[in-house]
Amino acid sequence: MTAKGSRAITDVGTLKALAHPLRMKLYRALCVADKATASHLADQVDEAVSLVSYHLRKLAEHGLVEEARPQSADGRERWWQPSSEGVSIRDQDFRDAPEKAAAHLAATRLFHDQRTDLYRRYLDERPTWSAEWNTAAADSESLLRLTAPELRALKDEMLALIRRYDELGRSAEAEGGTEGREHVALHVYGFPFRV
C-alpha cells in the first residue's frame, strides 16, 4: 500500500462516498483481500462487475482505494487495493454543522448495521466452525461506571492492544505462518447510556 496507517476522514464528501451500502461492503472486502479485481469482488457481494467497477472508481475518486500492481499476466485485469490500512471517522470532525452531523449519524448507523449483519452471519454459520474457534469467539457485555476521560483511556488502551495483535498476525503471516489463521472481526462499542 502506498500509505501506511489509518486515514482520517474529515470531509462530508468522502464520508458519503464510503457510507454507501455497496461501497462499504466493497471497501471491507478489499481490506480483507488486500488486492482484488472488480470481478473477484463482484462474486463476493453478488453484484454485476460493471456496478462494482463503478463503485470502486467512486471510492478511488475520494482516495479510499487505488489501483494495485497487476497480480497476473492478464493485462486486461484492473487490480485494486485500499489506499491505507483503514479509516478513522471521529465525531468531532462532523459536529460543526447540522448536515455534517446528519451525514455522520447516517454513516455510523450503516456501519453498525453491516457489522451486525456480519455477526449474525457468524451466528448462523457457527455450527460449521470448529469447537476451538467457537470457544475463542467472544461475545460479552460490560456495564461500567466511568467518566468520559476514563472511557477514552479504556478505548485508547484497547486500540493499542488490538493494533499489537494485528501486527502480530500480519508479521506471522508474512513469515508463512498461515496454518489455522482466519479473518477475525472485532467490534467494540463503548458509549454512555442512562436508565
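**Helices and a nonpolar core**

Helix H7, spanning residues 148-174, contains 27 residues and reaches 39 Å from its first C-alpha to its last, close to the 39 Å expected at 1.5 Å a residue (the expected span being 1.5 Å times one less than the number of residues). Helices here are DSSP runs of H or I with at least four residues, numbered from the N terminus. After H7 comes Gly176, with a positive phi near 95°.

The model is predicted, so local features need pLDDT of at least 70 and side-chain atom pairs count only at pLDDT 80 or more, while totals for chains, interfaces and linings use all residues. Residues are numbered from 1 along each chain as its sequence is written, and side-chain values use heavy atoms, leaving out hydrogens and water.

The largest nonpolar core holds 26 residues; such a core is a set of buried Ala, Val, Leu, Ile, Met, Phe, Trp, Tyr and Cys residues joined through side-chain atoms within 4.5 Å, where buried means under 20% relative accessible area (1.4 Å probe, protein chains only). Two or more residues each are given to this core by H1 (12-18), H2 (21-33), H3 (38-45), H4 (49-61) and H5 (98-125). H2 provides the largest share, six residues. Among the residues with the most contacts inside the core are Leu18, Tyr27 and Leu30. Beyond its neighbours within four places in sequence, Tyr27 is in contact (heavy atoms within 4.5 Å) with residues including Leu59, Pro82 and Val87.

The axes of H3 and H4, lines fitted to C-alpha atoms over the stretch in contact, come within 9 Å and cross at roughly 110°. H3 is therefore roughly perpendicular to H4, a term covering angles of 65 to 115 degrees. Here Ala38, Ser39, Leu41, Ala42 and Val45 of H3 meet Val49, Val52, Ser53 and Leu56 of H4.

Technical notes:
Buried < 20%, exposed > 50% of the residue type's maximum accessible area, 1.4 Å probe, protein only. Axes fitted to C-alpha atoms, helices over the stretch in contact; angles between N-to-C directions. Parallel < 35°, antiparallel > 145°, perpendicular 65-115°, else oblique.
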